[in-house]
Each structure stands twice: as structure tokens, then as C-alpha cells.
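Please read them alongside the sequence and the coordinates.

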Amino acid sequence: MALSSTYYGQSVTKFAIASATKDWASLGDGANTLEQDVTVTGAQLGDFAMASLSVDLQGLIMTAQVTAADTVTVALTNETGSTIDLASGTLYVMVIPREVV
């Protein structure tokens with residue numbers, strides 16, 4: 001199945017980025033979740049949020065969402081079948097305002 005894309009002819013030039021060093025706690029299996037709030041100045045409910053980590057996620061699922069003004073909540077969920085203990089790394093968060101898209 002081929003994926004198709006729609007291009008709207010504009011580049012995203014307005015966005016906010018934040019980063020922080022993070023040493024996540026060990027995360028057991030069974031869909032357990034760890035959350036971390038990150039301050040991203042200018043973030044508003046309804047904006048698009050993305051997160052990445054500078055170390056291998058080892059199969060964990062990472063999500064990001066704007067949960068309040070200037071706040072993005074990043075969550076790691078473990079459904080791998082074993083306990084995962086990530087190394088310390090840099091957490092990066094990017095927010096794109098909804099009016100840009």
C-alpha cells in the first residue's frame with residue numbers, strides 16, 4: 001500500500017524547542033508509564049508536540065502532548081515484555097503552533 005501526502009506549499013518557520021537532561025527511572029513491563037513535564041514557552045493547548053531522546057528507547061513508546069500553557073508532558077510506556085532501564089540522555093521537545101499548519 002502506497003502512502004500519499006498532501007503538501008500545502010508552506011514551510012513551518014514558527015516553532016518552539018526545549019531540552020533537558022533526563023535520567024528516567026527503571027520502567028517495568030505491563031504498560032506502565034513514566035511522565036515528565038517540560039516547560040516550552042509559548043506552547044498552548046491544541047498545538048502539535050513531538051519529543052525525542054538522545055539514547056535508544058529500547059522499544060519503549062514515547063508520546064508528547066501539550067497539557068497546559070507552556071507545558072508539554074512526555075510519557076514513556078513499556079509494553080516490551082521486560083523491564084527497561086534507559087541510560088541518562090537529553091530529552092528534546094518541539095512544539096508547532098496549530099495556526100501554522
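1. Q58 sits in the loop between β3 and β4 (61–68); strands here are DSSP runs of E with at least two residues, helices are runs of H or I with at least four residues, and both are numbered from the N terminus. The phi of Q58 is near 55 degrees, a positive value in a residue other than glycine. Most residues other than glycine have a negative phi. Q58 counts as partly exposed because its relative accessible area is 38% (buried means under 20%, exposed over 50%, partly exposed in between, with a 1.4 Å probe and protein chains only).

2. This is a predicted model, in which local features need pLDDT of at least 70 and side-chain atom pairs count only at pLDDT 80 or more, while totals for chains, interfaces and linings use all residues. Residues are numbered from 1 along each chain as its sequence is written, and side-chain values use heavy atoms, with hydrogens and water left out.

3. D70 belongs to the loop between β4 and β5 (71–78). Its phi is also positive, near 65 degrees, and D70 is not a glycine. With a relative accessible area of 32%, D70 is partly exposed.

4. T73 lies in strand β5 and is buried, at a relative accessible area of 10%. The side chains of T73 and T67 are joined by a polar contact of 2.9 Å (a pair of N or O atoms within 3.5 Å; within protein, one must be able to donate a hydrogen and the other to accept it, and residues adjacent in sequence count only if both atoms are side-chain atoms). Not counting residues up to four places away in sequence, T73 touches E35, Q36, D37, T63, A64, Q65 and T67, where contact means heavy atoms within 4.5 Å.

5. Which strands make up the open sheet, and in what order? There are 3 strands, in the order β1-β6-β3, with antiparallel pairing (two strands pair if DSSP finds at least two bridges between them). β1 (16–22) and β3 (48–53) are the edge strands, each pairing on one side only. β1 and β6 (residues 89–96) are joined by 7 bridges; I17 has M94 as its bridge partner in β6.

6. G89 lies in strand β6 and counts as buried, at 7% relative accessibility. Leaving aside neighbours within four places in sequence, G89 is in contact with A20, T21, K22, L53, S54 and V55. G89 and D23 are 66 residues apart in sequence, and their C-alpha atoms are 6.5 Å apart in space.
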